[in-house]
Amino acid sequence: DVGPCEEASPHPDISGARLEALQRLLQGGPCTLVTPVSALLQRIIPRKVLADASCSIMPGDEPDRDALLESLVRMGYLNCPLVEERGSFAVRGGILDIFPPSLPRPVRIEFFGDTVETLRSFDPLSQRSLEPLTGLNLLPSRELVLSPAVLQEFVPRLKERADQLDIPADRRRQLVAELQGAGYPPGIEFLQPLVHPGLELLTDYLSDPLLEIGRAHV
């Protein structure tokens with residue numbers, strides 16, 4: 001979608017499709033994956049990071065709403081008055097609207113007290129609720145996750161690399177301030193090696209028997 005080091009981020013549709021494919025591989029169910037060699041060789045988000053940043057919500061669950069909203073921000077979702085685009089969420093009383101990048105329509109979560117009462121997809125244009133859902137598999141909105149712990153470890157790595165490249169300190173501080181304010185500057189995905197050391201390959205997401213086959217063919 002975009003080349004390395006461009007000041008642009010992949011389109012949410014593309015990021016969502018990639019994250020959904022990685023999640024399906026993590027779950028270990030049957031699936032068919034077709035990919036070009038360039039994508040096969042691309043370093044991607046580690047399995048543990050994706051697994052820890054993903055969750056499922058079903059009717060009857062009683063999630064900690066404050067913790068859920070905080071996790072949405074860490075997962076790259078933008079808090080908006082109205083959900084119209086992928087990667088955004090909105091809170092209105094007992095209703096939480098969210099538009100995961102891996103889904104064709106946003107989802108409306110209705111709470112009764114602390115309990116999830118219903119899950120429904122809705123039309124982002126008319127905002128009208130549509131068909132009910134049995135559950136929601138919630139993935140990050142981007143292909144990197146900036147939790148407070150990750151950000152704390154990222155800052156010294158960024159400083160060291162910026163000093164090596166003679167990048168001005170004020171530019172580095174500006175980037176850190178944006179990230180600490182839950183902002184995701186365009187092109188932030190290409191700092192993944194500093195955000196998530198130990199990036200993996202697509203073949204790392206495969207189960208052990210398939211992994212050996214994949215390595216043999218690569």
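Visitor: Which residues have the most contacts inside the largest nonpolar core?
Guide: The model is predicted. Its largest nonpolar core has 15 residues. Helix 4 (65-74), strand 4 (95-98), strand 5 (107-112), strand 6 (115-122) and strand 8 (136-138) each supply at least two residues of this core. Those with the most contacts inside the core are Ile98, Ile109 and Leu138.

Visitor: Which strand gives the most to this core, and with how many residues?
Guide: Strand 4, strand 5, strand 6 and strand 8 are among the elements that each supply at least two residues of the core. The one that gives the most is strand 5, with 3 residues.

Visitor: Which residues does Leu138 touch, not counting residues up to four places away in sequence?
Guide: Leu138 is among the residues with the most contacts inside the largest core. A contact here means heavy atoms within 4.5 Å. By that cut-off, and leaving out residues up to four places away in sequence, Leu138 touches Ala53, Ser54, Cys55, Ile57, Leu68, Leu72, Met75, Tyr77, Ile98 and Pro100.

Visitor: How many residues are in the second, separate core?
Guide: This core includes Leu146, Leu158, Leu175 and Ile188. Its residue count is 13.

Visitor: What is the order of the strands in the open sheet?
Guide: Strand 2 (residues 78-79) and strand 3 (residues 88-92) run parallel and are joined by 2 bridges. Strand 3 and strand 4 run antiparallel, with 4 bridges, and 4 bridges also join strand 4 to strand 5, again antiparallel. Strand 5 and strand 6 pair in the antiparallel sense over 6 bridges. The open sheet has 6 strands and mixed pairing, in the order 2-3-4-5-6-7.

Visitor: Which residue in the turn between strand 3 and strand 4 has a positive phi?
Guide: These two strands form a hairpin with 2 residues between them. In strand 4, Ile95 is the bridge partner of Arg92. The residue in the turn with a positive phi, of about 60 degrees, is Gly93.

Visitor: What phi does Gly113 take in the hairpin of strand 5 and strand 6?
Guide: In strand 6, Thr115 is the bridge partner of Phe112, and Val116 stands opposite Phe111. This hairpin has 2 residues between the strands. Gly113 takes a positive phi near 70 degrees.

Visitor: Which helix gives the largest share of the lining of the largest pocket?
Guide: About 630 Å³ of space lies in this pocket. Of its 21 lining residues, the closest to the centre are Ile167, Arg171, Leu175, Gly187 and Leu191. Helix 5 (148-164), helix 6 (169-180) and helix 7 (192-195) each supply at least two residues of the lining. The largest share, 5 residues, comes from helix 6.

Visitor: How many residues of that lining are nonpolar, polar and charged?
Guide: The lining holds 21 residues. They divide into 13 nonpolar, 2 polar and 6 charged.

Visitor: Is Ser15 buried or exposed?
Guide: Ser15 lies in helix 1 (residues 12-27). Not counting residues up to four places away in sequence, Ser15 touches Pro10, Ser141 and Glu143. Buried means under 20% relative accessible area. The relative accessibility of Ser15 is 4%, so Ser15 counts as buried.

Definitions and conventions
Residues are numbered from 1 along each chain as its sequence is written. This is a predicted model: local features need pLDDT of at least 70, side-chain atom pairs count only at pLDDT 80 or more; totals for chains, interfaces and linings use all residues. Side-chain values use heavy atoms; hydrogens and water are left out. A nonpolar core is a set of buried Ala, Val, Leu, Ile, Met, Phe, Trp, Tyr and Cys residues joined through side-chain atoms within 4.5 Å. Buried means under 20% relative accessible area, exposed over 50%, partly exposed in between (1.4 Å probe, protein chains only). Two strands pair if DSSP finds at least two bridges between them. On a 1 Å grid over the protein atoms alone, a cavity is a set of points where a 1.4 Å probe fits but cannot get out, and a pocket is an open set with protein on both sides within 12 Å along at least five of seven lines; lining residues have an atom within 4 Å of a point. Grid points are joined across faces, edges and corners, and a volume is the space filled by probe spheres set on the points. Ala, Val, Leu, Ile, Met, Phe, Trp, Tyr, Cys and Pro count as nonpolar, Asp, Glu, Lys and Arg as charged, and the others, Gly among them, as polar.
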